[in-house]
Amino acid sequence: MPNRRPQLEIVAPSASPEEAAAVVAALEQFLRDFAPVIVAEAPRANPWQRAALLEATGREPDGPSPWGDPVPWGA
């Protein structure tokens with residue numbers, strides 16, 4: 001996975017190297033603390049299991065199901 005964080009660098013003639021490093025470190029900590037959380041994709045329903053459930057309930061495979069999946073057969 002590529003690193004998509006910006007490369008931070010302070011260009012200020014009046015800041016000492018220690019001050020610049022402290023500011024960059026604070027900004028990096030802020031970016032880590034408030035970065036969006038990566039959420040895993042929800043597992044997809046097994047189409048064979050869905051077919052078995054539809055067959056057991058006597059429903060048509062191309063009709064809406066009671067499980068809330070709007071796309072027939074997990075397509």
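## Burial and overall composition

A residue is termed buried under 20% relative accessible area, exposed over 50% and partly exposed in between, with a 1.4 Å probe and protein chains only. By this criterion, 9% of the 75 residues of the chain are buried. The model is predicted, so local features need pLDDT of at least 70 and side-chain atom pairs pLDDT 80 or more, whereas totals for chains, interfaces and linings use all residues. Residues are numbered from 1 along each chain as its sequence is written, and side-chain values use heavy atoms, without hydrogens and water.

The chain contains 2 helices and 0 strands; these are DSSP runs numbered from the N terminus, with at least four residues for helices (H or I) and at least two for strands (E). Of the contacts (heavy atoms within 4.5 Å) with a separation of 6 or more, 13% involve residues 24 or more positions apart. Carbon and sulfur atoms account for 62% of the accessible surface of about 6800 Å², computed by the Shrake-Rupley method with a 1.4 Å probe.

The buried residues of H2 are Arg-50, Ala-51 and Leu-54. They span an arc of only 100 degrees around the axis, which places them on the same side of H2; the arc is taken from the directions from the helix axis to the C-beta atoms. The exposed residues Trp-48, Gln-49 and Ala-56 lie on the face of H2 turned away from its buried side.

## The aromatic pair

Phe-34 lies in the loop between helix H1 (17-33) and helix H2 (47-57), and is exposed at 61% relative accessibility. Phe-30 is partly exposed, at 46%.

The count of aromatic pairs is 1. The ring centres of Phe-30 and Phe-34 are 4.8 Å apart and the planes stand at 40 degrees, so the pair is tilted. Rings of Phe, Tyr and Trp (its six-membered ring) pair with centres within 6.5 Å; planes under 30 degrees apart are stacked, over 60 edge-to-face, and the rest tilted.
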